Each structure stands twice: as C-alpha cells, then as structure tokens.
Amino acid sequence: MENSKAHIIAQLQREILPLQGFKSPGSKAACVDLGVINDVFPDNRFPTGVIHEFISTDREGVSSSAGFIAGILGMLMKDGGVVLWISSAPLLFPPTLSYFGIHPSKVIVVNVPKEKDLLWATEEALKCEGLAAVLVEMRELDFTASRRLQLIVERSGVTGFILRQNPRKLGTTAAVTRWKITSLSSIVVEAGMPGVGFPCWKVELQKVRNGKPGCWELQWQGKKFEVIEQHEEIVVNDQKRKVG
Amino acid sequence: MGKRFVAIWLRYLQTDWLVRRHHHLKGVPLVVKAQDHGRMVIIAANALAREQGIDSGMVLADARAVVPNLASVDDEPGLIERLLTNLANWCIYFTPTVAIDPTGGLMMDVSGCAHLWGGEEAYLKEIRARFTQLGYDVQVAMADTIGTAWAFSRYGKGDTIIDKAAQATAIQYLPAASLRLENEVVEKLQKLGLYQVKDFIHMPRTALRRRFGTNILQRLDQTLGNIDEPIVAVNPPAEYAERLPCIDLISTATGIRIALEKLLNRLCNQLQKQQKGLREVIFKCYRTDYQVQEKRVETIRPGNNPSHLFKLFEEMISSIAPGPGIELFILEAVKVESVVVANTNMWAGSCTLQSQALSELIDRLATRVGSSSVKIYKPSEEYLPERSFKPAALQDDEPAENWRCNRPRPMLLLHQPEPVDVMAPVPDYPPMLFQYRKKRHKIVKADGPERIEQQWWLQRGEHRDYYYVEDEEGCRYWLFRSGHYALDKKHQWFLHGFFV
C-alpha cells in the first residue's frame, strides 16, 4: 500500500515536471554530468532547455562563471552544435575555450552595444531551434523579461545562460536556477611547490525550481568537474570570519 | 516583338534649367555665355532670345546691341552632363533603359513599356506633360530605331510616332543632317545639292562609300534598322529586378509593406525557378519629388525565402521617408548566387554553421546591430595574445583546427592592457602585491614568466613577461611586465586578463 502510494506520487511528479518547463531530453540530447550536483535537480539530471541565471559582482566573478559555463557548454556541444555568445562588450578570449572542450570556431560572438537590442537579440537567438546554447552577458533582467525568455526556451529547447555582472536589483526572475560562482584558491599537488593548480570554484546553487539548493567546491580537471574533498583554505577563511 | 525607342530633345536645356532655378529670369531673353578667344560668345539661348535673332555662336556684345535687355549667365562646365544624368535617372519612371545623348537629349529603350500607359500616344503625352511640368521644352519622337527616333526628335514637326511600315518612307523628307553625320559630310552633300535623305538614299552604296566614307552607310543602316545600334544605359537594369509602379501615391508604412511583400514574392519566385539565391538586395522607393529612398540588405548565404527577407527589411520600413508620396518601387538583386540544395535532416538535429535556421538568425542580428558585430574567430599566426585570433568569414565551411592551447590563457582578455602598481622582487620573480582599481591583491601563487616578444616586423616596443598569478581570495589574473628589469629606468606592469 505504502509502496503504491509512493509510486503514484512519483508518477504524478513526473507528469508535473514537463508542465513546469522541465522537458525530458530525447535520445539525441547531450548529457551534462556535474557529478554530485546532479542529485539536487529534479529527475536527477542537469536541466537543459531552460534559463540559468548566474550572478557575479565583479569581472573576476564573470570570468569564473564563464569558465564554469564553458565546462557545461563543452558537454552540451559534444555532438556538435553552435553556441551564441551575446554581450554588449565581449572580452572573451576564444582560444581558451578549447581548454573546456569547445571548438572556438563554433562560438559565434555577437556584440550588441545597446541595452535595448540586447534583449531582442537574446530572444531571437533563443528562438532558433538547434542551437546548443545561448550565453548572454546582461546586467539587468526583470521578471517580465525573464518570463519571456523562459517561455521561449520551453518551446525551442535551447538552453540559455544569463550572466549578470553586478546587477543593481536582484529581484525574482522566472529562471529555473540561480547560481553564484566565485573562484577558490587552487590546490597545488604538493605543498610548497610553486605554480598555480587547476581552476577551482565555489559553486553556490542559490535557487532551483523543484530541487534542493546547495553549495559545492569544484575543480576543473582536464575534461570534467571534480568535487574537492577537503580544502585547507576554507578552514582558514572560517577562522578569519570568526575573528572579524 | 520589335524594339521601340523614344528620343527626347531638350532644346533649351541650359536656359530652361536656369529659369527653373532662378524665377526672376522667367520671361526675359536669356543666353548662356562663355569665354572664347578673348570674346564672350553665346553658347545657348532661350526661345525669347531666338525669336529676336540671337543664336549660339554670336558674340555677346553684338547680341546686346540687338536686344538691350538680354540677360546673360556664365557657363558652368560639365553642367549639361550632370543635368542629363539626373534627368536620365528620373526617367526610370518610364523605362529601365535610359541613355544620355551628349548633344542635349535622352534616348530610351521603351520596348514593351508603352502599353502600361495605354498606348504609344498616351505614353508620349505623359512624357511631354512630365517634362513640361518640370519646365523643360522638349520634342519627343518614337520609332523602331535609335536613328529614326533621333532624327524626328530634332527635325520632325511636333511629337512624332513612326510606325514600322512607315519608317523607310518617313525619313526621306528629312535633311541630311538628321542622319547624325559629321559636319564636313553634311556640307559636302549640300554642295552637291543633296539636301534631303531621299536625294541619296537610293544611290549605289559603293558610290556613297567612295565619296563620303563608310560612316554614312553605317548611319543609314542604323536608321533603317538593318544593323543594331547599342544603347548604353545610365544605370543598366539589374539582371534580377522587379518594379511596381503605383497609380495612387504611397505614403504610409502599410502601403510600403504591401509593395515590398509583393516585390519580394515575385523576385523570389523567379529566383526559385532558376535555383538562385540573393546575397544582396536593394529596395528603392522613387518619390514624386524626384528623390530616391534606398534600403539595402545583405545575407550571409544565398537565400530566396521571401518571408525571411521581409523580416530583414521590416525594421527599416519606418525609416523610409515617403515625402510627398512614392510612385514607384524597385527591388533589385545586386548579388545573386546559385543555391546548392543540401539534403535536410528528417528530424531536426543540432545546428551547424551551414544550417538555414542559423544563417537566417545571423542575418537578422547583422541587419539590426551591424554586420561587423557578428563574428566567429579563427586562429591568427601571431604571438601577441590580443592578435592571436581574428574574425573569420561566417560563410567558411571548414572551421579552423590549429588553435594553440598548450600555455595557460585567460578566459577574459582586456582589449587594452591596464597599467597596475606592482611590488615585485628583482630581477624576474613573480610579483608579491599589485593594486588594481584601488583594490590591493596579495599574490599567493604564481606561474611564469612566459616571455612574448614584440613582432619587430610590425611594430616596435618592449617584450612582455607574463605571469599567471593567484591572489589570496583565489582570483586568478594575467599580469605582465613590459621590458627588462633595469635599475635606472621605471618598468610598467599591466593587467591583461582574468583566468577562470
């Protein structure tokens, strides 16, 4: 009896998800594997065909968020496809993308100087079925605009990443997730050795529809994300906080 | 169908134009004067002056003696060509093929045009009315050959239409000069008493050639239509073009929109049948005040989908100024390429750069934000990081493969390196501290230096020593020092990029 009840609930849950914008991917869809983070998403997989929002406070934050997104894009573009990178002042250094498994020539960079055209360009790009993803550097995004974008991707199935640098107002948006990526000190293989290690991030999933928000420390190791087991710097930071 | 030509002679072109510009010259005897061997000579006179016996070639002083109130204006070199070119461009209302006749007239190829105005008589009437409205005195003639039309526009009485059958007989009673012969030949003919064309048209050809040269035979043949005469149009009609003359003047956005849709459908239909596609297309609106509004659209791949092209034009419709009204719309294909119809997937897969949906998206973005704003990049064989990539053509089918990624490179690269204050141990250790935008960063980890030399064959300057550094908060930067360390001079540090 208990079992069947749980079964029914699970089934209902599965039926509700598509109504909320989580479409189940077809067999063709590339799989994004984020390791442990997968478990917090509904259906236990990274949602594609939705809007993801990334918040950053400065250029360093934009850079780390772009790196984290590039890692995801690399997985999305495994079977080919093209990505649009829309920005009002693109600083992207294309050769670096190959570090994340993206072919730099498959990224179309669109420079849209006017704020008004930025939203228009984003909508047009998200409508184009078959694009692997669209990444937009946009400062302000109100609820209406985000709702429009979310409705467009629910129809077209394109994944949208909105990278917001230093937004004036951090209101509610219709985006399915809200992330904040900050860089962490890298780990050198052996203590005392010179050099800089693999890029590390503190990944905060502040909001996720039908999922559990959380916080992880990740490292980009060659071709995939790895969770950092223990990080000595964090302990130091905690102590600092207590003192301060 | 035989060809038909219209010749227009603007008898008083220069003086009519002057009267049109300066209204106070209206109703006075007017001449145009020019310096010739130290004398002022008249080179053009209007109808009023001619009535009183003044003609071109007279000395101005003599003419002043005859007509004391004679108004004279200095000649402007190149004016006739300029006026004729403008008029020829405006005559596109009547026919697409208009040529300039440097002797002061226009020649139009009107084959298949006259019926649009309800017959040849109505057509000539319309031409005359339009020119009269502008203030030009014209004489118009229509015939099967350029020669005959020209002859009757100069030497006919009033406006003339010469039928095909009547052509050979009609020119018989015209003077010899109507065959566009050189002056010497005309004089020679007159000396021999051959005043009219009928006097020598039936003479043996060999005799004519021997006495007057081959030119007279060629002109005769051209006038009679035995050989073709080329016409050099002012703006040669595009190979693929559609025109839409409007009976009522169009001055609303809706009207322009309908016209554009119609023209696009027609043009694309024509192109689809021949498996061609547009790369560049111009939409021209001819207004009643003789101004032309042009809008141009480019696509990255040849396309013949009218709804897509309409979307590209749609944004521009509001910027077309209709003025007093638009009477003619022309859609011209500037660049046409053949379309290779590729096999399309039965189910939509992921896009490639070649797919139609993506190229249409790029066209829309490029039209709105400028075609230089949409780019893909390819590697460039240069050492400096800001030059190591360059925009590639979006049409390229083969993506570049040889990206260098064996050295650490930042995610974001500043277009212009920003100077920073740095504390670093000498001679080439990585920095310990740096200050960027009033914030102090203490460096914990560092990698480097990586020396990148200037490209001496392009520009002069110091080499750069790059360091990949990480501060205590974990943010990673790309710094470089410009030039060698030296005790006696200051060396500047720069921030060039942000790592992930």
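Buried residues make up 53% of the 244 residues in chain A. Keep in mind that this is a predicted model.

Chain A, then. Read from the N terminus, the order is α-β-α-β-β-α-β-α-β-β-β-β-β-α. Now take the contacts in chain A with a separation of 6 or more: 70% of them join residues 24 or more positions apart.

Next, one helix. α3 of chain A covers residues 115–127. Its 13 residues reach 19 Å from first C-alpha to last, close to the 18 Å expected at 1.5 Å a residue. Which residues of α3(A) are buried? They are A:Asp117, A:Leu118, A:Trp120, A:Ala121, A:Thr122, A:Glu123, A:Glu124, A:Ala125 and A:Leu126.

What does this helix pack against? Helix α14 of chain B, residues 356–369. The axes are 10 Å apart, at an angle of about 170°. Angles over 145 degrees count as roughly antiparallel, so that is how α3(A) sits relative to α14(B).

Look at who meets whom. From α3(A) come A:Asp117, A:Trp120, A:Ala121, A:Glu124 and A:Ala125. From α14(B) come B:Leu361, B:Arg364, B:Leu365, B:Arg368 and B:Val369. That contact has six nonpolar residues, four charged and no polar. A word on the spacing: an α-helix has 3.6 residues a turn, so residues three or four places apart point the same way.

Over to chain B. B:Arg180 is in the loop between α7 (167–170) and α8 (183–191). Is B:Arg180 buried or exposed? Buried, because its relative accessible area is 16%, and the cut-off is under 20%. Leaving aside residues up to four places away in sequence, B:Arg180 touches B:Ile146, B:Gly147, B:Trp150, B:Arg219, B:Gln222 and B:Glu229.

Last, some backbone details. Most residues other than glycine have a negative phi, and most peptide bonds are trans. Here are the exceptions I picked out.

A:Asn210 has a positive phi, near 65°. A:Asn210 is in the loop between β7 (200–208) and β8 (214–221) of chain A. At 37% relative accessibility, A:Asn210 is partly exposed.

B:Gln275 also has a positive phi, about 55°. B:Gln275 lies between α12 (253–273) and β10 (276–287) of chain B, in the loop. B:Gln275 is partly exposed too, at 48%.

And the peptide bond? From B:Gly448 to B:Pro449 it is cis, with omega near 0°. B:Pro449 belongs to strand β17 of chain B, residues 439–452.

Conventions. Residues numbered from 1 in each chain as written. Chains lettered and ligands numbered in written order. Predicted model: local features only at pLDDT ≥ 70, side-chain atom pairs only at ≥ 80, totals over all residues. Heavy atoms only, no water. Axes fitted to C-alpha atoms, helices over the stretch in contact; angles between N-to-C directions. Helix = DSSP H or I, 4+ residues; strand = E, 2+ residues; numbered from the N terminus. Parallel < 35°, antiparallel > 145°, perpendicular 65-115°, else oblique. Contact = heavy atoms within 4.5 Å. Nonpolar A, V, L, I, M, F, W, Y, C, P; charged D, E, K, R; others polar. Buried < 20%, exposed > 50% of the residue type's maximum accessible area, 1.4 Å probe, protein only. Expected span 1.5 Å × (residues − 1).
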